[in-house]
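Hi everyone, thanks for coming. Have a look at the structure on the screen, and I'll walk you through a few places in it.

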Amino acid sequence: MNRSREDTLAFERHEANSNSGVIINLLMAFGLFVAFIIWWTSLPLTNPNALDDYGLISILPWQFWGSIVLVSLCFVFGLKFSSVVPWARPAALLIFILLLHATTPLVYGTLRYSWAWKHIGIVDYIQRYGGVNRMEPFLSAYHNWPGFFWISAQAADFLKMGPLEIANVARFFPVVSNVIYVVLLGKIFRRFTDNQRVVWAALWIFSCANWVGQDYYSPQAFSYALYLFALTLCLGPLMPRTTIRKKTLFRTRTWFVQLAPKASLNSSWLNITAVFFFAFAVFGIVASHQLTPLILAFSLLGLSIFAPLSSGYPVLTILALVFWVIYPAAPFTSLYLPREIADIGQTMDGVTNKMVNTSSVERGVAVVVWAGRALSGSIVFLALFGWLRSIKNRKPVAIVCVLLIAPGLVLGLTSYGGEAVFRIYFFCSPFLAFFAAVALFPDRNAKSGALSYIVFFPIILLMSLGFLLGNNGKDRQYRFSPEEVEAAWWLYSQSRPGTLLVEGDRSYPSQFMNYENFQYLPISRERPKDLAEIIEKPASVFSRWFSDPRWQDGYVIITRSQKASVEALGVVPEGTFDNLELDLMASPDFLLVYANKDARIFRASHFSKFE
C-alpha cells in the first residue's frame, strides 16, 4: 500500500529530527569533553607561588577561561535543546562545579583556609581522647556542638587517618558539598515549578552565588546539607497530598498541594521512613551547629503557616534545639547566652565590624571585596525582577518567599560573631537563585523568549568571574604551601602543655593537632599601641612575654601566608614581619629552630636550659 504524501512528509521530518538529534548529542558530548580536557591541561600551567592580591584569577591560564566559556555555552544549549540532550545539563553543571571547586585543591596540593585546619584539630582531639571536653576554654563551641567532628573522627579512625591524611582528603570537601547541594536543591526547586529551565538555571546561578566560602570542611557545610535534606523531606513525602479546595487566607495551600505527587505515592511506610530521616537530620543539625537549627525552625514554621505542613515538624526542631542548648551545651550556654541576650538589637554593629573597609586595604583586596558584593547585589536585583515577573504572571510564590525570608529573622537574635549576614546570605542564596532564574526564563514554552538564552550566557560568565574573585580572591593568604604545612607539623609535634605560641597572624595551618597544649597570641590581633611597640622592638617585647612563669615553653612562628594576610589588610606596613625575623635572629634570647623558604620558627632560648 502506497504512502500518502502527508505520511511521506511526516516520515521525512521524523528522520530529519532524529538525525539532527544525533548531531546535537555528538556536538554536546564533544564540547563537554573538550571543556574538561582543556581544564585538566590548564592545571599544570597554574603556578600557586605567583598568587597576588587578586587571588586565583591572577594565575589562571587562558585554557581555564576557555573551559569556563565552553562549558557555559554547552549548558545554555542544553537548556535550549533539553528534550534532545537531557543529559547535557547535569553533565555541564558537574563539570562547572569541578572547575570552580576542584581547581584549587588540585593546584595548591594542600588544604586552604586556616579554619579548616582548626576543624581537623578538634577531630584530632576526639581521636586522642575518645571524646570532647565540654569545659574546654578554647574553641569551646566546637566541644559543645561536636556532631560533625565526632562523625569525622569515627571515619578517620576506621580509615586509620591522622591529621595530615584528613587534610589531604578535606581539601576536596567543597566539591562533594556542592554536588550534594545541587542534587537536593534540584528536588526542592521542582516542588515550586514544572519549568525545568528555571530549575536548571537556578542550580547554575546558585553555584555562582555561593561565593561566601561556607562549603569548606566545616560543621556549617555539613549542617547546610542536612538543612536542605530536611526541606526536601518537608516539601516532599512529609507534605500532605490531599488537595484543599476551600479558599484560605494565603491561598498557597491549594497551589502547593496541586504540584505534589499523586496520593497513591503517599504510603504509610514512606511517611514513617521520611519522619525517621527528618528526625535524624534535625538531630545532626542540632548537634553540629548553633545557627542552622534556628533557621530551620523559622523555615518550617513558615511552611506550617503558608503550606499544609504539620506544625509537629517545627515543634520537634525547636524542642531538639532547646534540649541541646540547656543540657549537652550547658557549659557554653551558661557563659555566652546572657551576652547574646544583652546584644539583641545590636546585631548590626557586629556585622559592620566584619565588613572590610576597602579604603584602607590594597587595591587588589578592594577589587575582590567589591566583586563579591557586586555578585550578591546583581543576584538580589535579578531575584527581585523575577519575583515581580511571578506576581505579574499570577504565579504562586509565597512558599519560596517564606524560605527566602526565614533566614533573615535570625539577624534580630544574634550577630553570630559578626558573621550572621554572610551565613544568612548563604541560606537565602538558593531561593534568590530561583527567582533570578524566573527573571530569565518565565515561560515554559521553549519557542518563546529566545532572547533569554542570549542574555543568560554573558550573565553566567560574569557570575563565574565574580565567584572566582569573591571566593578565591584572598587565596594569597588562604592558600598554604607544602613548606608551611611542614613547618606547622614540626611545631605542633614538639608541643607540650603550657606552651605560649606567638603567631604573626592566624592565617596559616594552625591548631590541627595537639592544639590544647598551646596558648595562642597572634600579633595581628594586638591593640594598635601594643602593635606599634612590637614593630619597634619585637625581641624585647617577646622576651618579656615568655618570661612569665606560667609558660613551660615558647615559640614564635612567622609564615608566608601570615605576611600576605597582614599586608593585604593593612594591619602592618609591608616588610614588617621580615624585619621582625631579622631582629629575632640577632637576639640572644631566641633560637631559630626551624626554617624553610616559607616559614621561620623561633624558640625562646631560656626554655632550652631546662631540658
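Predicted model: local features only at pLDDT ≥ 70, side-chain atom pairs only at ≥ 80, totals over all residues.

H11 passes H14 in a right-handed crossing. Helix H11 covers residues 219-235 and helix H14 covers residues 292-306, and the two pack with their axes 10 Å apart at an angle of about 15°. An angle under 35 degrees counts as roughly parallel, so H11 is roughly parallel to H14.

Which residues of H11 and H14 make the contact? On the H11 side you can pick out Ser223, Tyr227, Ala230, Leu231, Cys234 and Leu235. On the H14 side they are Thr292, Ile295, Leu296, Ser299, Leu300 and Leu303. If you sort the contact by class, you get 9 nonpolar residues, 3 polar ones and no charged ones.

Let's go to another helix pair. Helix H3, residues 88-101, and helix H9, residues 173-189, have axes that come within 9 Å and cross at roughly 145°. The crossing of H3 and H9 is right-handed. From H3, the residues involved are Leu93, Leu94, Ile97, Leu98 and His101. They meet Pro174, Val175, Asn178, Val179 and Val182 of H9. By class, the H3 and H9 contact has 8 nonpolar and 2 polar residues, with no charged ones.

Let me zoom out for a moment. The protein has 27 helices and 5 strands. How many residues does the protein have, and what share counts as buried? There are 611 residues, and 54% of them count as buried. Take the contacts between residues at least 6 apart in sequence: 76% of these join residues at least 24 apart. As for the surface, the protein exposes about 27,500 Å², with carbon and sulfur atoms supplying 64% of that.

Now please find helix H26, residues 560-568. This helix is mostly covered, with 8 of its 9 residues buried. The buried ones are Ser561, Gln562, Lys563, Ala564, Ser565, Val566, Glu567 and Ala568. What do the buried residues of H26 pack against? Their partners are helices H18 (363-392), H22 (475-478), H23 (482-493) and H27 (576-586), together with strands E1 (499-503) and E3 (553-559). Just after H26 comes Gly570, which takes a positive phi of about 75°.

The C-alpha atoms of Phe480 and Ser561 are separated by 6.5 Å, although the two residues are 81 apart along the chain. Is Phe480 buried or exposed? With a relative accessible area of 0%, Phe480 is buried. Leaving aside neighbours within four places in sequence, the contacts of Phe480 include Thr110, Leu111, Arg112, Tyr113, Ser114 and Trp117. Ser507, Tyr508 and Pro509 also touch Phe480, as do Arg560 and Ser561.

Tyr113 sits in the loop between helix H4 (103-108) and H5. Most residues other than glycine have a negative phi. Tyr113 has a positive phi of about 80°, although it is not a glycine. Its relative accessible area is 22%, so Tyr113 is partly exposed.

Gln511 is another residue other than glycine with a positive phi, near 60°. You'll find Gln511 in the loop between E1 and strand E2 (518-522). Gln511 is buried, with a relative accessible area of 0%.

Arg128 is in helix H5, residues 114-129. At 33% relative accessibility, Arg128 counts as partly exposed. Not counting residues up to four places away in sequence, Arg128 touches Asn514, Tyr515 and Glu516.

And lastly, Ser429, in helix H20, residues 420-440. What is the relative accessible area of Ser429? The value is 1%, so Ser429 is buried. Beyond residues up to four places away in sequence, Ser429 touches Phe206, Ala209 and Tyr224.

Conventions:
Residues numbered from 1 in each chain as written. Heavy atoms only, no water. Axes fitted to C-alpha atoms, helices over the stretch in contact; angles between N-to-C directions. Helix = DSSP H or I, 4+ residues; strand = E, 2+ residues; numbered from the N terminus. Parallel < 35°, antiparallel > 145°, perpendicular 65-115°, else oblique. Left-handed = near helix turned anticlockwise from the far one by under 90°. Contact = heavy atoms within 4.5 Å. Nonpolar A, V, L, I, M, F, W, Y, C, P; charged D, E, K, R; others polar. Buried < 20%, exposed > 50% of the residue type's maximum accessible area, 1.4 Å probe, protein only. Areas by Shrake-Rupley, 256 points an atom, 1.4 Å probe, with all protein chains shown as cover.
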